[in-house]
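Please look over the sequence and the model shown here. A short report on the fold comes with them.

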Amino acid sequence: MSAAHRASAFFLALALTIFWASTAQAKSITIDDSGSEALEPSVTMRWKTAAPSRNPADNVMLGTTTIRVRINVMPWLRHSGRIYLALPLQQPGPIGLSWTTQGRLAPGRIVSGNRVLVYAGSITAPFMEDTLTFQFSVNGALMQRAVPVTYHFEMDED
Amino acid sequence: MTPAGHGVQTSRGRLRRASVGAALLAAVSGSASSYTASLNPASPQTIYLQVGVGAFTNDYIYGGQPENNATVNSVSVTVAAAVLGNGTAQAMTTNSTATQSFWDGYTYCSVPAQLYIGGFFRTTGAATAAAQVTATVPAALTDATGDSIPFSKIQWTSSGNGDSGAEPFPAGTFVNGGVQTVGSMASNTWNESCWTFSYSNNTVPPVGTYTGVVLYTMSAP
């Protein structure tokens, strides 16, 4: 093997080793929620109050949507785990999210950049389903146009 | 086998292990997903301007909503013959009864000395340029016989109970015919001032009742 081949193999091995190590340390796994379905195509954001405040910082826009959540927890079937709803930091800025549920998952509230526990216990079925009513809140000054907001469910295995 | 070659074999061993790991991860990430909701600003653009009396269903902080009010208020002064034209400005008073801000019910203006002017400009979302408030002013106040007093003889100061800082509707003097800007409203804020009018009283016009109508207009971008 030439020196060049040896060098490239070394760097490849090093790179893969680092990749392996970093993934092996991950504790939370994003859950497949491709079965979830929104009852509305988009979230209509409206001012919390029709008339504004004397203080521009008080301006908040709210929007509500209902999602039939169906998450695939088959990989953890007959195990115990903790499921979180995670709302990453993203544009257009700080986002508040609160939700109610039908009881399968826990209600809660969150600010972007955090996650909140919505289930803890045994996974007894391959899919977990609930209907969640979300309310988003955003500083209206940031809402110049439609913005996509991403959230996901993630599993921490016990 | 050289040490280097042994090293390559070790790497291949790691490569297989890593490949297995990558395949497993691909299986997980391939089925994992995030949900994306589209947030669409959809409030109607709304403006509210009140000069003198206005109408709200309730104070804003109690959920009040703006309403139309067609009342046209007046500001007037009767100049006594003894002081007519002596150069001492004569305070004008209004028939407006608007003293409280519809924002919170706070007693902001004092009547009959002050005329309330205020309102808000709501965007569909985001901040925009300020809305402008203009006055369309006739050339002069006139009486029944055609005599006139230039509108520029009337000016106003601006304040508000408990206020500090610059007024959104500052002091000014009417132009003699034309459109003049009398204030602005930053988007998504409540703005209000109390105007105190006065007549310059530095000329002696013929005796009479002189009137003129100023139209205030709010224009939002």
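## Model and confidence

This is a predicted model. The predictor gives the complex an ipTM of 0.78 and a pTM of 0.72. Chain B averages a pLDDT of 85. In that chain, 86% of the residues score at least 70.

One stretch of chain B calls for caution. Over residues 1-31 of chain B, pLDDT stays under 50. For this stretch the model has 28 contacts beyond four places in sequence.

## The two chains

Chain A has 158 residues, and buried residues make up 27% of them. Its secondary structure comes to one helix and ten strands. Of the chain A contacts with a separation of 6 or more, 80% are between residues 24 or more positions apart.

Chain B has 221 residues, of which 29% count as buried. Here there are one helix and 16 strands. Residues 24 or more positions apart account for 69% of the chain B contacts with a separation of 6 or more.

## Strand β10 of chain A and its partners

Strand β10 of chain A covers residues 147-157. Strand β1 of chain A (residues 28-30) pairs with β10(A) in the antiparallel sense over three bridges. In this pairing A:I29 stands opposite A:M155. Strand β5 of chain A (residues 80-87) also pairs with β10(A), antiparallel, over six bridges. There, A:L85 stands opposite A:F153.

Which strand of chain B pairs with β10(A)? The partner is β1 of chain B, residues 35-41. The pairing is antiparallel and has five bridges. A:Y151 has B:Y35 in β1(B) as its bridge partner.

## Strand β8 of chain B

β8(B) spans residues 115-122. Is this strand enclosed or open to the outside? Eight of its eight residues are buried, so β8(B) is largely enclosed by the rest of the structure. In a regular strand, side chains alternate between the two faces of the sheet. Both faces of β8(B) are covered. On one side B:L115, B:I117, B:G119 and B:F121 are buried.

β8(B) has pairings with β2(B) and β15(B). It pairs with β2(B) in the antiparallel sense over six bridges. B:L49 has B:G119 as its bridge partner there. Six bridges also join β8(B) to β15(B), again antiparallel. In that pairing B:F120 stands opposite B:W190.

## Nonpolar cores

The largest nonpolar core has 34 residues. Those with the most contacts inside it are B:L115, B:Y116, B:I117, B:F120, B:C194, B:W195 and B:F197. The elements of chain B that give two or more residues to this core are β2, β8, β9, β12, β14 and β15.

B:C194 is one of the residues with the most contacts inside this core. Beyond its neighbours within four places in sequence, B:C194 is in contact with B:Y108, B:C109, B:Q114, B:L115, B:Y116, B:S158, B:S159 and B:G160. A second, separate core has 32 residues. Among them are A:M61, A:I83, A:Y84 and A:L132.

## A three-stranded open sheet in chain B

Three strands of chain B form an open sheet in the order β14-β9-β16, with antiparallel pairing. β14 (178-185) and β16 (215-219) stand at the edges. Each has a single partner strand, so one side of each is left without a neighbour in the sheet. Neighbouring strands here are turned by 25° against each other on average, direction ignored.

β9(B) covers residues 131-137 and pairs with β16(B) over five bridges. B:V133 stands opposite B:M218.

## A loop residue

B:A144 lies in the loop between β10 (140-142) and β11 (148-150) of chain B. Is B:A144 buried or exposed? B:A144 is exposed, because 9 other C-beta atoms lie within 10 Å, and the cut-off for exposed is 12 or fewer. The C-alpha atoms of B:A144 and B:S200 are separated by 21 Å. These two residues are 56 residues apart along the chain.

Terms used:
Residues numbered from 1 in each chain as written. Chains lettered and ligands numbered in written order. Pairing = 2+ DSSP bridges. Helix = DSSP H or I, 4+ residues; strand = E, 2+ residues; numbered from the N terminus. Axes fitted to C-alpha atoms, helices over the stretch in contact; angles between N-to-C directions. Buried ≥ 20, exposed ≤ 12 C-beta atoms within 10 Å, placed from the backbone. Core = buried A, V, L, I, M, F, W, Y, C linked by C-beta atoms within 7 Å. Contact = placed C-beta atoms within 7 Å. pLDDT = per-residue confidence, 0-100.
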